[in-house]
Amino acid sequence: LAEKMKVPSSALIKKLFLEGKVVTINQEITFEEAEEIALEYDIIAEKEVKVNELEELLKDQEDDPSTLVKRPPVVCVMGHVDHGKTSLLDAIRQTNVTAKEAGGITQHIGAYTVEINGEKITFLDTPGHEAFTSMRMRGAQATDIAILVVAADDGVMPQTVEAISHAKAAGVQIIVAINKIDKPSANIERVKQELTEYNLIAEDWGGDTIMVPVSAHTKEGIDQLLEMILLTAEIEELKANPNRKARGLVIEAQLDKGRGPVATILVQKGTLRVGDNIAVGSSYGKVRAMIDENGRKVKEATPSTPVEILGLNSVPDVGEIFVVTDTEKEARHIAEVYIAQSKEKLVAETKSKITLDGLFSQIQAGNIKDLNLIIKADVQGSVEALKQSLVKLSNEEVAVRVIHGGVGAINESDVILASTSNAIIIGFNVKPDNIAKERAEQEKVEIKLYKVIYNAINDVEAAIKGLLDPVF
Ligand code: GDP
(Lines give C-alpha, C1' and ligand atoms only; values in the text may rest on other atoms or scores of the structure.)
Protein backbone atom coordinates (compact mmCIF):
# COMPACT_ATOMS: atom_id res chain seq x y z
CA LEU A 1 0.00 0.00 0.00
CA ALA A 2 2.84 2.37 0.91
CA GLU A 3 4.50 1.66 -2.41
CA LYS A 4 1.34 2.36 -4.33
CA MET A 5 0.70 5.55 -2.37
CA LYS A 6 4.33 6.57 -2.74
CA VAL A 7 4.82 7.24 0.99
CA PRO A 8 7.33 5.59 3.35
CA SER A 9 5.96 2.45 4.96
CA SER A 10 7.08 3.77 8.33
CA ALA A 11 4.59 6.63 7.94
CA LEU A 12 1.74 4.19 7.50
CA ILE A 13 2.89 2.01 10.39
CA LYS A 14 2.99 5.10 12.54
CA LYS A 15 -0.47 6.19 11.48
CA LEU A 16 -1.88 2.80 12.32
CA PHE A 17 0.01 2.79 15.62
CA LEU A 18 -1.56 6.13 16.56
CA GLU A 19 -4.96 4.55 15.91
CA GLY A 20 -4.05 1.83 18.34
CA LYS A 21 -3.20 -0.82 15.72
CA VAL A 22 0.24 -2.29 16.13
CA VAL A 23 1.39 -3.71 12.80
CA THR A 24 4.65 -4.73 11.20
CA ILE A 25 5.65 -4.38 7.55
CA ASN A 26 4.95 -8.05 6.86
CA GLN A 27 1.44 -7.93 8.17
CA GLU A 28 -1.68 -7.89 6.03
CA ILE A 29 -4.26 -5.22 6.67
CA THR A 30 -7.87 -5.37 5.52
CA PHE A 31 -9.15 -3.50 2.47
CA GLU A 32 -11.28 -1.34 4.76
CA GLU A 33 -8.22 -0.31 6.80
CA ALA A 34 -6.27 0.44 3.64
CA GLU A 35 -9.17 2.46 2.29
CA GLU A 36 -9.29 4.56 5.47
CA ILE A 37 -5.58 5.30 5.50
CA ALA A 38 -5.52 6.14 1.81
CA LEU A 39 -8.36 8.55 2.31
CA GLU A 40 -6.27 10.50 4.80
CA TYR A 41 -3.83 11.08 1.95
CA ASP A 42 -6.69 12.06 -0.36
CA ILE A 43 -6.34 8.82 -2.25
CA ILE A 44 -9.31 6.64 -3.14
CA ALA A 45 -8.41 2.99 -2.75
CA GLU A 46 -9.83 0.52 -5.24
CA LYS A 47 -9.62 -3.23 -5.08
CA GLU A 48 -7.18 -4.43 -7.65
CA VAL A 49 -8.56 -7.05 -9.96
CA LYS A 50 -6.12 -9.23 -11.76
CA VAL A 51 -6.93 -9.49 -15.44
CA ASN A 52 -7.56 -13.18 -15.37
CA GLU A 53 -8.61 -13.48 -11.77
CA LEU A 54 -12.13 -14.57 -12.60
CA GLU A 55 -10.91 -17.22 -15.02
CA GLU A 56 -8.53 -18.43 -12.35
CA LEU A 57 -11.23 -18.50 -9.68
CA LEU A 58 -13.64 -20.36 -11.93
CA LYS A 59 -11.01 -22.63 -13.40
CA ASP A 60 -12.13 -26.17 -13.44
CA GLN A 61 -9.94 -28.83 -11.97
CA GLU A 62 -9.41 -31.84 -14.20
CA ASP A 63 -10.77 -35.00 -12.70
CA ASP A 64 -8.66 -38.11 -12.65
CA PRO A 65 -10.20 -40.62 -15.09
CA SER A 66 -10.41 -43.16 -12.27
CA THR A 67 -12.88 -40.90 -10.41
CA LEU A 68 -15.32 -40.67 -13.30
CA VAL A 69 -18.61 -42.55 -13.22
CA LYS A 70 -21.45 -42.72 -15.69
CA ARG A 71 -23.88 -39.82 -15.64
CA PRO A 72 -27.26 -39.37 -17.34
CA PRO A 73 -27.34 -37.55 -20.70
CA VAL A 74 -28.72 -34.01 -20.83
CA VAL A 75 -31.09 -33.59 -23.74
CA CYS A 76 -32.80 -30.61 -25.35
CA VAL A 77 -35.59 -30.50 -27.90
CA MET A 78 -35.36 -28.28 -30.97
CA GLY A 79 -37.30 -27.82 -34.20
CA HIS A 80 -39.75 -25.72 -36.15
CA VAL A 81 -42.67 -24.03 -34.41
CA ASP A 82 -45.76 -26.26 -34.10
CA HIS A 83 -43.87 -29.41 -34.99
CA GLY A 84 -44.61 -30.71 -31.50
CA LYS A 85 -41.65 -29.88 -29.24
CA THR A 86 -43.84 -29.05 -26.24
CA SER A 87 -46.18 -31.99 -26.88
CA LEU A 88 -43.23 -34.35 -27.11
CA LEU A 89 -41.70 -33.07 -23.87
CA ASP A 90 -45.09 -33.53 -22.17
CA ALA A 91 -45.54 -37.01 -23.61
CA ILE A 92 -42.08 -38.07 -22.45
CA ARG A 93 -42.72 -36.73 -19.01
CA GLN A 94 -46.06 -38.56 -18.76
CA THR A 95 -44.46 -41.88 -19.58
CA ASN A 96 -42.36 -41.45 -16.46
CA VAL A 97 -44.77 -42.73 -13.82
CA THR A 98 -42.35 -42.87 -10.90
CA ALA A 99 -42.95 -39.24 -9.96
CA LYS A 100 -46.71 -39.67 -9.77
CA GLU A 101 -46.50 -42.89 -7.79
CA ALA A 102 -44.46 -41.15 -5.16
CA GLY A 103 -47.17 -38.53 -4.81
CA GLY A 104 -45.09 -35.71 -6.14
CA ILE A 105 -46.59 -32.67 -7.79
CA THR A 106 -45.15 -31.97 -11.20
CA GLN A 107 -43.85 -28.47 -11.49
CA HIS A 108 -41.98 -26.60 -14.13
CA ILE A 109 -38.44 -25.83 -13.08
CA GLY A 110 -36.85 -25.79 -16.55
CA ALA A 111 -35.76 -29.40 -16.63
CA TYR A 112 -36.89 -32.84 -15.59
CA THR A 113 -35.53 -36.34 -15.32
CA VAL A 114 -37.12 -39.54 -16.61
CA GLU A 115 -36.18 -43.10 -15.90
CA ILE A 116 -36.25 -45.90 -18.45
CA ASN A 117 -34.86 -49.41 -17.91
CA GLY A 118 -33.36 -48.15 -14.66
CA GLU A 119 -31.40 -45.42 -16.47
CA LYS A 120 -31.97 -41.72 -16.21
CA ILE A 121 -32.27 -39.03 -18.88
CA THR A 122 -32.41 -35.32 -18.10
CA PHE A 123 -34.51 -33.14 -20.38
CA LEU A 124 -34.23 -29.38 -20.59
CA ASP A 125 -37.86 -28.42 -21.03
CA THR A 126 -37.48 -25.00 -22.55
CA PRO A 127 -37.92 -25.93 -26.18
CA GLY A 128 -36.24 -24.01 -28.95
CA HIS A 129 -32.73 -23.14 -29.81
CA GLU A 130 -32.75 -19.59 -28.43
CA ALA A 131 -32.47 -20.94 -24.89
CA PHE A 132 -29.86 -23.43 -26.01
CA THR A 133 -27.75 -20.81 -27.73
CA SER A 134 -28.07 -18.11 -25.10
CA MET A 135 -26.33 -20.56 -22.79
CA ARG A 136 -23.58 -21.11 -25.28
CA MET A 137 -23.11 -17.36 -25.52
CA ARG A 138 -21.75 -17.49 -22.00
CA GLY A 139 -19.36 -20.16 -23.06
CA ALA A 140 -21.32 -22.88 -21.37
CA GLN A 141 -22.71 -26.02 -22.83
CA ALA A 142 -25.53 -27.77 -21.05
CA THR A 143 -26.65 -30.24 -23.68
CA ASP A 144 -25.19 -33.58 -24.75
CA ILE A 145 -27.87 -34.58 -27.24
CA ALA A 146 -30.36 -32.53 -29.26
CA ILE A 147 -33.68 -34.03 -30.32
CA LEU A 148 -34.64 -32.47 -33.63
CA VAL A 149 -38.42 -32.62 -33.94
CA VAL A 150 -39.71 -32.64 -37.52
CA ALA A 151 -43.44 -32.98 -38.19
CA ALA A 152 -44.05 -35.80 -40.64
CA ASP A 153 -46.87 -33.87 -42.33
CA ASP A 154 -44.88 -30.67 -42.75
CA GLY A 155 -41.26 -31.70 -43.29
CA VAL A 156 -38.13 -29.61 -43.01
CA MET A 157 -38.98 -25.94 -42.38
CA PRO A 158 -36.81 -22.82 -41.80
CA GLN A 159 -36.45 -23.31 -38.04
CA THR A 160 -35.60 -26.96 -38.60
CA VAL A 161 -32.62 -25.79 -40.62
CA GLU A 162 -31.73 -23.21 -37.96
CA ALA A 163 -31.84 -25.87 -35.28
CA ILE A 164 -29.55 -28.13 -37.30
CA SER A 165 -27.04 -25.29 -37.72
CA HIS A 166 -27.13 -24.44 -34.01
CA ALA A 167 -26.65 -28.04 -32.93
CA LYS A 168 -23.84 -28.58 -35.40
CA ALA A 169 -22.09 -25.35 -34.41
CA ALA A 170 -22.20 -26.56 -30.81
CA GLY A 171 -20.98 -30.01 -31.74
CA VAL A 172 -23.99 -31.68 -30.17
CA GLN A 173 -25.27 -35.10 -31.27
CA ILE A 174 -28.57 -34.91 -33.16
CA ILE A 175 -31.31 -37.51 -32.91
CA VAL A 176 -34.29 -36.87 -35.20
CA ALA A 177 -37.81 -37.43 -33.90
CA ILE A 178 -40.19 -37.56 -36.86
CA ASN A 179 -43.38 -36.52 -35.10
CA LYS A 180 -47.12 -36.63 -35.82
CA ILE A 181 -46.93 -40.02 -37.54
CA ASP A 182 -50.55 -40.60 -36.44
CA LYS A 183 -51.66 -38.06 -39.02
CA PRO A 184 -52.95 -39.48 -42.33
CA SER A 185 -50.86 -36.92 -44.22
CA ALA A 186 -47.65 -38.06 -42.48
CA ASN A 187 -44.81 -38.93 -44.84
CA ILE A 188 -41.81 -40.28 -42.96
CA GLU A 189 -39.73 -41.04 -46.04
CA ARG A 190 -40.16 -37.51 -47.35
CA VAL A 191 -38.75 -36.11 -44.10
CA LYS A 192 -35.75 -38.44 -44.36
CA GLN A 193 -35.27 -37.38 -47.97
CA GLU A 194 -35.37 -33.67 -47.06
CA LEU A 195 -32.92 -34.12 -44.20
CA THR A 196 -30.30 -35.65 -46.48
CA GLU A 197 -29.78 -32.14 -47.87
CA TYR A 198 -28.44 -31.14 -44.46
CA ASN A 199 -26.19 -34.13 -44.13
CA LEU A 200 -28.51 -35.90 -41.74
CA ILE A 201 -28.84 -39.32 -43.32
CA ALA A 202 -31.00 -41.96 -41.71
CA GLU A 203 -29.49 -45.33 -40.88
CA ASP A 204 -31.84 -47.14 -43.27
CA TRP A 205 -30.71 -44.70 -45.95
CA GLY A 206 -27.09 -45.66 -45.43
CA GLY A 207 -26.21 -42.89 -42.98
CA ASP A 208 -25.59 -42.75 -39.26
CA THR A 209 -28.23 -40.35 -37.96
CA ILE A 210 -30.76 -41.96 -35.67
CA MET A 211 -34.30 -41.10 -36.76
CA VAL A 212 -37.27 -42.30 -34.76
CA PRO A 213 -40.87 -41.96 -36.00
CA VAL A 214 -43.03 -40.87 -33.05
CA SER A 215 -46.39 -39.48 -32.12
CA ALA A 216 -46.66 -37.21 -29.13
CA HIS A 217 -50.43 -37.82 -29.28
CA THR A 218 -50.59 -41.62 -29.35
CA LYS A 219 -47.18 -42.02 -27.61
CA GLU A 220 -46.11 -44.41 -30.35
CA GLY A 221 -42.34 -44.54 -30.65
CA ILE A 222 -41.64 -42.59 -27.46
CA ASP A 223 -40.07 -45.53 -25.66
CA GLN A 224 -37.94 -46.25 -28.69
CA LEU A 225 -36.82 -42.61 -28.79
CA LEU A 226 -35.80 -42.81 -25.14
CA GLU A 227 -33.89 -46.02 -25.79
CA MET A 228 -32.06 -44.37 -28.69
CA ILE A 229 -31.08 -41.49 -26.42
CA LEU A 230 -29.64 -43.96 -23.92
CA LEU A 231 -27.83 -45.81 -26.68
CA THR A 232 -26.28 -42.58 -27.95
CA ALA A 233 -25.29 -41.63 -24.40
CA GLU A 234 -23.70 -45.03 -23.98
CA ILE A 235 -21.58 -44.52 -27.09
CA GLU A 236 -20.60 -41.01 -25.98
CA GLU A 237 -19.47 -42.42 -22.61
CA LEU A 238 -20.81 -39.49 -20.62
CA LYS A 239 -19.09 -39.42 -17.26
CA ALA A 240 -18.45 -37.14 -14.30
CA ASN A 241 -16.85 -37.27 -10.88
CA PRO A 242 -19.58 -37.09 -8.23
CA ASN A 243 -17.13 -36.91 -5.33
CA ARG A 244 -15.95 -33.34 -5.57
CA LYS A 245 -17.22 -29.82 -5.06
CA ALA A 246 -20.15 -29.26 -7.38
CA ARG A 247 -20.08 -27.19 -10.51
CA GLY A 248 -22.69 -26.57 -13.16
CA LEU A 249 -25.01 -24.15 -14.90
CA VAL A 250 -28.05 -22.00 -14.28
CA ILE A 251 -30.86 -23.10 -16.58
CA GLU A 252 -33.63 -20.91 -15.18
CA ALA A 253 -33.86 -18.16 -12.59
CA GLN A 254 -36.40 -15.73 -11.23
CA LEU A 255 -37.37 -13.69 -8.23
CA ASP A 256 -40.11 -15.45 -6.28
CA LYS A 257 -42.34 -13.28 -4.10
CA GLY A 258 -42.23 -15.54 -1.09
CA ARG A 259 -38.95 -17.40 -1.56
CA GLY A 260 -36.64 -14.73 -2.94
CA PRO A 261 -34.15 -15.45 -5.72
CA VAL A 262 -34.80 -18.94 -7.10
CA ALA A 263 -32.51 -20.61 -9.61
CA THR A 264 -32.76 -23.96 -11.33
CA ILE A 265 -29.29 -25.30 -11.74
CA LEU A 266 -27.95 -28.30 -13.55
CA VAL A 267 -25.16 -30.04 -11.69
CA GLN A 268 -22.49 -31.05 -14.21
CA LYS A 269 -19.77 -32.31 -11.87
CA GLY A 270 -19.59 -33.17 -8.21
CA THR A 271 -22.47 -33.29 -5.75
CA LEU A 272 -24.32 -30.20 -4.57
CA ARG A 273 -25.59 -30.31 -1.00
CA VAL A 274 -27.83 -28.18 1.18
CA GLY A 275 -25.54 -25.90 3.17
CA ASP A 276 -22.93 -25.55 0.41
CA ASN A 277 -21.48 -22.11 -0.26
CA ILE A 278 -22.02 -21.20 -3.85
CA ALA A 279 -21.02 -18.47 -6.31
CA VAL A 280 -22.96 -17.88 -9.54
CA GLY A 281 -21.98 -14.95 -11.71
CA SER A 282 -22.66 -11.81 -9.72
CA SER A 283 -24.69 -13.74 -7.12
CA TYR A 284 -23.59 -15.82 -4.17
CA GLY A 285 -25.03 -17.47 -1.09
CA LYS A 286 -25.49 -20.64 0.87
CA VAL A 287 -27.81 -23.31 -0.50
CA ARG A 288 -30.73 -23.09 1.94
CA ALA A 289 -32.94 -25.66 0.25
CA MET A 290 -33.06 -27.76 -2.89
CA ILE A 291 -36.27 -28.81 -4.61
CA ASP A 292 -36.60 -31.31 -7.44
CA GLU A 293 -39.02 -31.21 -10.38
CA ASN A 294 -41.65 -33.04 -8.33
CA GLY A 295 -41.67 -30.37 -5.67
CA ARG A 296 -39.82 -32.55 -3.20
CA LYS A 297 -37.06 -31.30 -1.00
CA VAL A 298 -33.77 -33.02 -1.65
CA LYS A 299 -30.53 -32.92 0.29
CA GLU A 300 -28.14 -33.50 -2.56
CA ALA A 301 -27.91 -33.36 -6.34
CA THR A 302 -25.48 -35.48 -8.37
CA PRO A 303 -24.16 -34.89 -11.94
CA SER A 304 -26.82 -34.23 -14.63
CA THR A 305 -29.45 -33.57 -11.96
CA PRO A 306 -31.52 -30.37 -12.21
CA VAL A 307 -32.67 -28.78 -8.94
CA GLU A 308 -34.16 -25.53 -7.80
CA ILE A 309 -32.02 -23.84 -5.20
CA LEU A 310 -32.89 -21.19 -2.64
CA GLY A 311 -30.46 -19.01 -0.73
CA LEU A 312 -28.81 -16.78 -3.34
CA ASN A 313 -28.54 -13.06 -2.64
CA SER A 314 -29.75 -12.10 -6.12
CA VAL A 315 -31.12 -13.61 -9.33
CA PRO A 316 -28.32 -14.97 -11.55
CA ASP A 317 -28.43 -15.03 -15.35
CA VAL A 318 -29.35 -18.14 -17.31
CA GLY A 319 -26.25 -19.91 -18.59
CA GLU A 320 -24.07 -18.66 -15.75
CA ILE A 321 -21.60 -21.12 -14.28
CA PHE A 322 -21.92 -21.93 -10.57
CA VAL A 323 -19.14 -23.19 -8.33
CA VAL A 324 -19.12 -24.40 -4.74
CA THR A 325 -16.56 -22.79 -2.46
CA ASP A 326 -15.11 -23.72 0.94
CA THR A 327 -16.29 -20.55 2.65
CA GLU A 328 -19.01 -17.96 2.19
CA LYS A 329 -16.28 -15.32 2.04
CA GLU A 330 -14.74 -17.02 -0.95
CA ALA A 331 -18.12 -17.19 -2.71
CA ARG A 332 -18.65 -13.50 -2.10
CA HIS A 333 -15.18 -12.74 -3.40
CA ILE A 334 -15.90 -14.54 -6.67
CA ALA A 335 -19.14 -12.59 -7.09
CA GLU A 336 -17.29 -9.33 -6.43
CA VAL A 337 -14.57 -10.12 -8.91
CA TYR A 338 -17.24 -11.09 -11.39
CA ILE A 339 -18.96 -7.73 -11.03
CA ALA A 340 -15.66 -5.86 -11.28
CA GLN A 341 -14.57 -7.79 -14.31
CA SER A 342 -17.71 -8.32 -16.32
CA LYS A 343 -17.69 -4.79 -17.68
CA GLU A 344 -14.15 -5.06 -19.01
CA LYS A 345 -14.88 -8.50 -20.35
CA LEU A 346 -17.88 -7.23 -22.25
CA VAL A 347 -15.80 -4.55 -23.89
CA ALA A 348 -13.10 -7.03 -24.80
CA GLU A 349 -15.63 -9.43 -26.30
CA THR A 350 -17.26 -6.69 -28.32
CA LYS A 351 -13.92 -5.72 -29.77
CA SER A 352 -13.14 -9.20 -30.98
CA LYS A 353 -16.25 -9.50 -33.20
CA ILE A 354 -15.48 -9.95 -36.83
CA THR A 355 -16.43 -7.41 -39.53
CA LEU A 356 -15.79 -7.55 -43.24
CA ASP A 357 -14.18 -4.12 -43.41
CA GLY A 358 -11.99 -4.66 -40.40
CA LEU A 359 -11.07 -8.16 -41.38
CA PHE A 360 -7.54 -7.45 -42.48
CA SER A 361 -6.45 -5.73 -39.30
CA GLN A 362 -8.29 -8.28 -37.17
CA ILE A 363 -6.50 -11.05 -38.94
CA GLN A 364 -3.18 -9.38 -38.40
CA ALA A 365 -3.92 -9.04 -34.72
CA GLY A 366 -5.37 -12.45 -34.08
CA ASN A 367 -4.60 -14.66 -37.05
CA ILE A 368 -8.16 -15.60 -37.89
CA LYS A 369 -8.07 -18.32 -40.49
CA ASP A 370 -11.78 -19.07 -40.75
CA LEU A 371 -14.33 -16.73 -42.18
CA ASN A 372 -17.70 -17.91 -40.87
CA LEU A 373 -20.73 -16.72 -42.82
CA ILE A 374 -24.47 -16.99 -42.41
CA ILE A 375 -26.45 -16.55 -45.62
CA LYS A 376 -30.08 -15.51 -45.74
CA ALA A 377 -31.87 -14.93 -49.05
CA ASP A 378 -35.37 -14.60 -50.49
CA VAL A 379 -35.24 -17.90 -52.34
CA GLN A 380 -33.37 -21.16 -51.79
CA GLY A 381 -31.74 -20.91 -55.23
CA SER A 382 -29.93 -17.73 -54.21
CA VAL A 383 -28.84 -19.27 -50.90
CA GLU A 384 -27.26 -22.15 -52.80
CA ALA A 385 -25.69 -19.93 -55.47
CA LEU A 386 -24.13 -17.63 -52.86
CA LYS A 387 -22.99 -20.53 -50.73
CA GLN A 388 -21.20 -22.24 -53.59
CA SER A 389 -19.53 -19.08 -54.87
CA LEU A 390 -18.44 -17.95 -51.42
CA VAL A 391 -17.08 -21.28 -50.26
CA LYS A 392 -15.06 -21.39 -53.49
CA LEU A 393 -13.22 -18.28 -52.34
CA SER A 394 -11.46 -20.46 -49.77
CA ASN A 395 -7.79 -21.07 -50.36
CA GLU A 396 -4.91 -22.59 -48.45
CA GLU A 397 -4.80 -19.78 -45.96
CA VAL A 398 -8.42 -18.86 -45.48
CA ALA A 399 -11.38 -21.18 -45.09
CA VAL A 400 -14.75 -19.66 -45.93
CA ARG A 401 -17.41 -21.60 -44.09
CA VAL A 402 -21.15 -21.13 -44.43
CA ILE A 403 -22.36 -22.24 -41.02
CA HIS A 404 -26.00 -21.58 -41.80
CA GLY A 405 -28.04 -20.79 -44.89
CA GLY A 406 -31.76 -20.21 -45.07
CA VAL A 407 -34.68 -18.49 -46.73
CA GLY A 408 -36.39 -15.51 -45.12
CA ALA A 409 -35.68 -12.36 -43.15
CA ILE A 410 -32.62 -12.25 -40.93
CA ASN A 411 -33.91 -13.10 -37.46
CA GLU A 412 -32.71 -13.15 -33.87
CA SER A 413 -31.63 -16.76 -34.12
CA ASP A 414 -29.28 -15.88 -37.00
CA VAL A 415 -27.75 -13.08 -34.95
CA ILE A 416 -27.26 -15.28 -31.90
CA LEU A 417 -25.66 -17.98 -34.02
CA ALA A 418 -23.41 -15.37 -35.65
CA SER A 419 -22.46 -14.01 -32.26
CA THR A 420 -21.56 -17.37 -30.76
CA SER A 421 -19.71 -18.51 -33.87
CA ASN A 422 -18.11 -15.14 -34.68
CA ALA A 423 -19.76 -15.00 -38.08
CA ILE A 424 -20.85 -12.30 -40.49
CA ILE A 425 -24.41 -12.35 -41.82
CA ILE A 426 -24.95 -11.88 -45.55
CA GLY A 427 -28.48 -10.96 -46.61
CA PHE A 428 -29.56 -11.19 -50.23
CA ASN A 429 -32.87 -9.48 -51.06
CA VAL A 430 -33.85 -9.80 -47.39
CA LYS A 431 -33.60 -7.54 -44.38
CA PRO A 432 -33.18 -8.13 -40.66
CA ASP A 433 -36.39 -7.89 -38.63
CA ASN A 434 -36.51 -5.33 -35.83
CA ILE A 435 -35.50 -7.69 -33.05
CA ALA A 436 -32.60 -8.99 -35.11
CA LYS A 437 -31.49 -5.45 -35.86
CA GLU A 438 -31.48 -4.53 -32.17
CA ARG A 439 -29.75 -7.71 -31.16
CA ALA A 440 -27.09 -7.29 -33.86
CA GLU A 441 -26.31 -3.86 -32.49
CA GLN A 442 -26.01 -5.23 -28.97
CA GLU A 443 -23.87 -8.14 -30.00
CA LYS A 444 -21.91 -6.14 -32.56
CA VAL A 445 -22.70 -8.66 -35.26
CA GLU A 446 -22.16 -7.39 -38.78
CA ILE A 447 -25.01 -7.72 -41.26
CA LYS A 448 -24.24 -7.01 -44.90
CA LEU A 449 -27.18 -6.61 -47.28
CA TYR A 450 -27.00 -7.08 -51.04
CA LYS A 451 -29.28 -6.94 -54.06
CA VAL A 452 -26.73 -8.21 -56.55
CA ILE A 453 -25.02 -11.55 -55.93
CA TYR A 454 -21.88 -10.38 -57.71
CA ASN A 455 -21.43 -7.53 -55.20
CA ALA A 456 -21.64 -9.89 -52.25
CA ILE A 457 -19.02 -12.18 -53.73
CA ASN A 458 -16.83 -9.24 -54.67
CA ASP A 459 -16.92 -7.80 -51.14
CA VAL A 460 -16.04 -11.06 -49.49
CA GLU A 461 -13.31 -11.69 -52.01
CA ALA A 462 -11.79 -8.28 -51.33
CA ALA A 463 -11.86 -8.92 -47.61
CA ILE A 464 -10.21 -12.27 -48.13
CA LYS A 465 -7.49 -10.75 -50.26
CA GLY A 466 -6.73 -8.64 -47.22
CA LEU A 467 -6.78 -11.82 -45.19
CA LEU A 468 -3.92 -13.34 -47.08
CA ASP A 469 -0.54 -13.27 -45.48
CA PRO A 470 1.89 -11.28 -47.60
CA VAL A 471 4.03 -13.57 -49.74
CA PHE A 472 7.63 -12.50 -50.20
P1 GDP B 1 -44.18 -26.68 -30.62
O2 GDP B 1 -44.51 -25.31 -31.13
O3 GDP B 1 -43.12 -27.32 -31.44
O4 GDP B 1 -43.91 -26.76 -29.17
O5 GDP B 1 -45.48 -27.57 -30.94
P6 GDP B 1 -46.65 -28.03 -29.96
O7 GDP B 1 -46.22 -29.11 -29.06
O8 GDP B 1 -47.26 -26.83 -29.35
O9 GDP B 1 -47.65 -28.68 -31.02
C10 GDP B 1 -48.23 -27.94 -32.08
C11 GDP B 1 -49.54 -28.56 -32.51
O12 GDP B 1 -49.32 -29.86 -33.02
C13 GDP B 1 -50.52 -28.73 -31.35
O14 GDP B 1 -51.80 -28.44 -31.80
C15 GDP B 1 -50.37 -30.20 -30.99
O16 GDP B 1 -51.55 -30.71 -30.42
C17 GDP B 1 -50.08 -30.82 -32.34
N18 GDP B 1 -49.30 -32.06 -32.19
C19 GDP B 1 -48.15 -32.21 -31.52
N20 GDP B 1 -47.70 -33.49 -31.60
C21 GDP B 1 -48.62 -34.15 -32.34
C22 GDP B 1 -48.74 -35.52 -32.78
O23 GDP B 1 -47.92 -36.39 -32.49
N24 GDP B 1 -49.82 -35.81 -33.53
C25 GDP B 1 -50.76 -34.89 -33.89
N26 GDP B 1 -51.77 -35.29 -34.64
N27 GDP B 1 -50.67 -33.61 -33.50
C28 GDP B 1 -49.62 -33.24 -32.72
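Reader: At what angle do helix α5 and helix α10 pack, and how far apart are their axes?

Author: In this predicted model, where local features need pLDDT of at least 70 and side-chain atom pairs count only at pLDDT 80 or more, totals for chains, interfaces and linings use all residues. Residues are numbered from 1 along each chain as its sequence is written, and side-chain values use heavy atoms, without hydrogens and water. Helix α5 (residues 85-95) and helix α10 (residues 222-236) pack at about 90 degrees, with axes 10 Å apart.

Reader: Why is α5 called roughly perpendicular to α10?

Author: Angles of 65 to 115 degrees count as roughly perpendicular. The angle here is about 90 degrees, so α5 is roughly perpendicular to α10.

Reader: Which residues make the contact of α5 with α10?

Author: Contact means heavy atoms within 4.5 Å. Leu 88, Ala 91, Ile 92 and Thr 95 of α5 meet Ile 222, Leu 225 and Leu 226 of α10. By class, this contact has 6 nonpolar, 1 polar and no charged residues.

Reader: Which residues come nearest to the ligand?

Author: Asp 82, Lys 85, Thr 86, Ser 87 and Asp 182 come nearest, of the 15 residues around the ligand; a residue is near a molecule if one of its heavy atoms lies within 4 Å of it. α5 gives the most to this shell, with 3 residues.

Technical notes: Axes are lines fitted to C-alpha atoms, for helices over the stretch in contact, and angles run from 0 to 180 degrees between N-to-C directions. Helices (H or I, at least four residues) and strands (E, at least two) are DSSP runs, numbered from the N terminus. Angles under 35 degrees count as roughly parallel, over 145 as roughly antiparallel, 65 to 115 as roughly perpendicular and the rest as oblique. Ala, Val, Leu, Ile, Met, Phe, Trp, Tyr, Cys and Pro count as nonpolar, Asp, Glu, Lys and Arg as charged, and the others, Gly among them, as polar.
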